[in-house]
Amino acid sequence: MGMWNEVVSMFLNTLTPKFYVALTGTSSLISGLILIFEWWYFRKYGTSFIEQVSVSHLRPLLGGVDNSSPTNSNSSNGDADSNRQSVSECKVWRNPLNLFRGAEYNRYTWVTGREPLTYYDMNLSAQDHQTFFTCDSDHLRPADAIMQKAWRERNPQARISAAHESLEREDCATASILLAEEEATTIVEAEKLFKQALKTGEGCYRRSQQLQHHGAQYEAQHRRDTNVLVYIKRRLAMCSRKLGRTREAVKMLRDLMKEFPLLSMFNIHENLLESLLELQNYADVQAVLAKYDDISLPKSATICYTAALLKARAVSDKFSPEAASRRGLSTAEMNAVEAIHRAVEFNPHVPKYLLEMKSLILPPEHILKRGDSEAIAYAFFHLQHWKRVEGALNLLHCTWEGTFRMIPYPLEKGHLFYPYPICTETADRELLPTVFHEVSVYPKKELPFFILFTAGLCSFTAMLALLTHQFPELMGVFAKAFLSTLFAPLNFIMEKVESILPSSLWHQLTRI
């Protein structure tokens with residue numbers, strides 16, 4: 001054994017159990033303090049301090065780029081002030097762009113053998129039909145009385161048979177609606193039946209309009225006839241959109257919104273936005289958003305993500321994360337990123353569908369705002385519009401995850417919106433076919449690596465300190481064996497150096 005081995009052995013032999021107790025105790029204390037600081041920093045700012053320093057200062061030196069850098073938090077909090085209020089968290093809404101059962105949902109079932117709609121979803125639709133298409137005076141007309149029973153039928157064939165029976169009695173708008181929705185196997189057939197329903201529905205609407213002030217019964221009948229007429233015109237516009245007559249669909253939707261401006265609950269503007277995006281008429285899209293993306297109006301994924309798409313369109317074709325990292329974000333880029341963060345905060349499930357990180361299914365007939373069901377419904381119709389804007393999906397990919405740094409605890413506190421509802425996962429499991437679709441849940445913010453590392457280090461050193469205090473002699477033996485093993489490669493290298501270098505030179509080096 002050479003001189004180096006003698007030095008190491010002498011050093012190890014001079015270490016006492018008290019030294020090991022002091023060493024492990026001090027290590028445990030330091031790692032504990034680091035853990036406490038890291039946890040406090042994470043709770044306050046939503047990120048690890050060590051990770052923040054390494055990303056902000058070390059990574060740029062190494063040539064790295066942070067694709068999900070957070071944006072300036074000085075954005076307007078107007079939405080936050082107005083939206084942080086007591087709301088019905090899990091209110092289910094009718095999907096404004098819901099598909100046709102006979103021509104679309106049933107075709108999917110015929111091809112795949114899968115049921116795209118859940119019983120809960122279809123039951124909600126049945127309740128909607130009874131609310132909008134029936135009234136207390138239906139028993140006065142035989143055709144309406146039959147349809148009142150038909151809307152309560154669970155069996156689709158029984159509903160269709162009742163609709164045919166109603167039409168045999170007299171022309172009935174709601175009977176034609178049911179056949180267009182459930183019996184027609186193509187959009188062309190559905191459109192033909194809706195046109196037939198329109199002719200009957202307009203006559204009923206004009207008659208009830210003249211009598212609406214004659215009593216509560218006539219007022220309820222007029223309200224029902226109004227709902228029927230609006231539904232028919234909207235579905236006819238959707239038929240035109242699906243058959244490629246998009247300009248015609250836009251005109252029909254605009255006329256409908258002018259004729260019934262107070263029926264905003266039907267969200268007809270979302271149908272209009274989708275049709276205008278198909279025409280790439282972005283100026284008109286912006287005009288619609290200016291009217292409906294208002295603080296006082298309820299938000300939706302369509303509103304928030306369309307606003308983000310328009311702002312992304314202005315910069316996305318030239319956006320580069322590497323260039324943005326070097327020079328910083330321009331004002332237009334900052335606005336686009338903030339719009340994306342706003343949209344992601346409202347519904348965090350949409351980006352994975354737009355970026356095709358998660359497979360799409362047919363959208364349900366009802367959606368839960370901010371939930372997976374709304375994300376599916378939005379992406380199903382709007383993915384093509386994002387693909388059409390050059391670079392928009394790349395900008396979304398680079399920036400959407402930065403949203404979660406601003407809202408580390410979304411269930412407790414929001415940023416631009418009220419806190420994310422806790423009940424969305426449960427409601428979405430009722431609305432979506434979980435047999436072949438995995439419901440997306442809110443991206444849980446995991447603890448940073450350095451917090452886990454310091455927690456483990458603190459626990460390990462504390463355990464070593466306790467064992468050393470209880471069994472000093474035994475832990476001293478283990479420590480010497482560990483250090484001897486640790487220094488074994490160094491000892492081997494020093495022995496080789498001793499054998500190569502002249503002894504006189506080595507003696508002079510050791511003296512130095």
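# Rings and cores: worked exercises

At 3% relative accessibility, tryptophan 151 counts as buried (under 20% relative accessible area, with a 1.4 Å probe and protein chains only; exposed is over 50%, partly exposed in between). We're working with a predicted model, where local features need pLDDT of at least 70, side-chain atom pairs count only at pLDDT 80 or more, and totals for chains, interfaces and linings use all residues. Residues are numbered from 1 along each chain as its sequence is written, and side-chain values use heavy atoms, leaving out hydrogens and water.

**Exercise 1.** Work out how the rings of phenylalanine 133 and tryptophan 151 are arranged.

*Solution.* 
- Start with the rule: rings of Phe, Tyr and Trp (its six-membered ring) pair if their centres lie within 6.5 Å; planes under 30 degrees apart are stacked, over 60 edge-to-face, and the rest tilted.
- Here the centres are 5.3 Å apart and the planes make 45 degrees, so the pair is tilted.
- Next, check burial: phenylalanine 133 has a relative accessible area of 4%, so buried again.

**Exercise 2.** Describe the largest nonpolar core.

*Solution.* 
- A nonpolar core is a set of buried Ala, Val, Leu, Ile, Met, Phe, Trp, Tyr and Cys residues joined through side-chain atoms within 4.5 Å.
- The largest one has 96 residues, and Ile232 is among those with the most contacts inside it.
- Zoom in on isoleucine 232: leaving aside neighbours within four places in sequence, its contacts (heavy atoms within 4.5 Å) are Ala173, Ile177, Phe194, Ala197 and Leu198.
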